[in-house]
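Here is a guided walk through one protein chain, taken step by step. Please keep the 3D view open beside the text, so that you can find each residue as we come to it.

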Amino acid sequence: MWSREVLKNRAKAVLKISYWKAFLVSLVLAIIGGNENSSFNLNWNSGNRTSTNGYTPFPEIITNIFPFLLLITVTIIIVLFLFAVAFRILVGYPLEVGGRRFFVQSSQNNVDLNYLGYGFGNGKYLNIVTTMLWRSILTFLWTLLLIVPGIIKTYAYRMVPYILSDNPNISRTRALELSDKMTDGNKMDMWILDLSFIGWYLLGTILLFVGVLFVMPYENATKAELYLELRKDALDQGICSYEELQLKQPLNIDL
């Protein structure tokens, strides 16, 4: 059985030799998973305001063009929203899988920033995008039913990007099924693990939010250690095989 202390100690050991690369990958993961805020300012020129002697009063101008401005604003918001969704799906999902692979491989002394682009490789991209999208849709549908089932499914499917980082060609149904089995009986401990980082993020927020950025590599490295533990348990229990996850099977040496 894994423990928070062991996972975090392992993560710290990994970050001692790969912190700044881990920081860069964490920053990318934060960007692709976050919301981008955009603002639009409409400046009005009141120099042309006139009286009723041949001129249109300023309030009347607003009344006349308000529907048009509202339509433009709504259109811009919709376009930006669709762009953000498309970016998250087409670019964010492969980057997320690549980022998870970076942290998993870093834990095994293989620190390489090229893993960040792992999800864009030939024969990997389409299955990664469709599987990650299917996970998001299912989680959203569960959340529509009730908040608690949505949270449970969020934890149940959390290992999907890690599984895809091992085998990007695994079927989407199998990836979700395997993640569900890996996290079975571990969801409460995973939730407590998440809570253990709140203090660090609060401290980072106090430090003008800059400190938050430096906590992310620690959290990502710890969660990669968690996946390695859950993966090992799944392999030992026969839930999955080394071949299915495209892993090298350890040699059995008989003494």
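The paragraphs below go from the overall fold to the core, then to the charged pairs and a few individual residues.

Please bear in mind from the start that this is a predicted model. The chain has nine helices and zero strands, so its elements read α-α-α-α-α-α-α-α-α from the N terminus on. Of its 255 residues, 38% count as buried. Among contacts with a separation of 6 or more, 73% join residues 24 or more positions apart. The chain exposes about 15,400 Å², and carbon and sulfur atoms supply 63% of that area.

Let's begin on the inside. The largest nonpolar core has 50 residues, and F103, M159, I163, M182, L226 and Y227 touch the most other members. Helices α1 (4-33), α2, α3, α4 (147-156), α5 (160-166), α6, α7 (187-195) and α9 each supply at least two residues of this core. Which helix gives the most to it? That is α9, with nine residues.

Leaving aside neighbours within four places in sequence, M159 is in contact with S179, M182, T183, M190, L226, Y227 and L230. Is S179 buried or exposed? With a relative accessibility of 0%, S179 counts as buried, because the cut-off for burial is under 20%. A polar atom of the S179 side chain lies 2.6 Å from the backbone oxygen of A156. Not counting residues up to four places away in sequence, S179 touches A156, Y157, R158, M159, V160 and I163.

Another serine can be visited in helix α5, namely S165. S165 also counts as buried, at 0% relative accessibility. Beyond its neighbours within four places in sequence, S165 is in contact with V97, R101 and Y118.

Next come the charged side chains. Side chains of opposite charge can pair when their charged atoms come close. A search of the whole structure finds twelve salt bridges. In one of them, the side chains of R174 and E244 meet at 2.5 Å, N to O. This pair links distant parts of the chain, since R174 sits in helix α6 and E244 in the segment after α9, 70 residues apart. R174 counts as buried, with 17% relative accessibility.

A second pair to find is D194 with K223, whose side chains form a salt bridge at 3.2 Å, N to O. D194 lies in helix α7 and K223 in helix α9, so the bridge ties together parts that are 29 residues apart in sequence. Both D194 and K223 are buried. These two residues also belong to a network of salt bridges that links R158, D194, E219 and K223.

Because they are four residues apart in helix α9, about one helical turn separates D236 and K232. D236 is exposed, with a relative accessible area of 53%, while K232 counts as partly exposed at 46%.

R88 and I32 are 56 residues apart in sequence, and their C-alpha atoms are 6.1 Å apart in space. Leaving aside neighbours within four places in sequence, R88 is in contact with I32, G33, Y93 and E96. The other stop is F81, also placed in helix α2 (residues 58-106). F81 counts as exposed, at 56% relative accessibility. Together with L70, V74, I78, L82 and V85, F81 makes a nonpolar surface patch of about 540 Å².

Finally, have a look at two backbone angles. Most residues other than glycine have a negative phi. N109, in the loop between α2 and α3 (125-145), has a positive phi near 60°. N109 counts as exposed, at 65% relative accessibility. Q246, in the segment after α9 (210-236), has a positive phi of about 55° although it is not a glycine. Q246 is partly exposed, with a relative accessible area of 48%.

How values were computed. Residues are numbered from 1 along each chain as its sequence is written. This is a predicted model: local features need pLDDT of at least 70, side-chain atom pairs count only at pLDDT 80 or more; totals for chains, interfaces and linings use all residues. Side-chain values use heavy atoms; hydrogens and water are left out. Buried means under 20% relative accessible area, exposed over 50%, partly exposed in between (1.4 Å probe, protein chains only). A polar contact is a pair of N or O atoms within 3.5 Å; within protein, one must be able to donate a hydrogen and the other to accept it, and residues adjacent in sequence count only if both atoms are side-chain atoms. Contact means heavy atoms within 4.5 Å. Accessible areas come from the Shrake-Rupley method with a 1.4 Å probe; for residues, only the protein chains shown count as cover. Patches are made of residues with over 30% relative accessible area and no salt bridge: like charges are joined within 9 Å, nonpolar side chains (Val, Leu, Ile, Met, Phe, Trp, Tyr) within 5 Å. A salt bridge is a side-chain nitrogen of Lys or Arg within 4 Å of a carboxyl oxygen of Asp or Glu. A nonpolar core is a set of buried Ala, Val, Leu, Ile, Met, Phe, Trp, Tyr and Cys residues joined through side-chain atoms within 4.5 Å.
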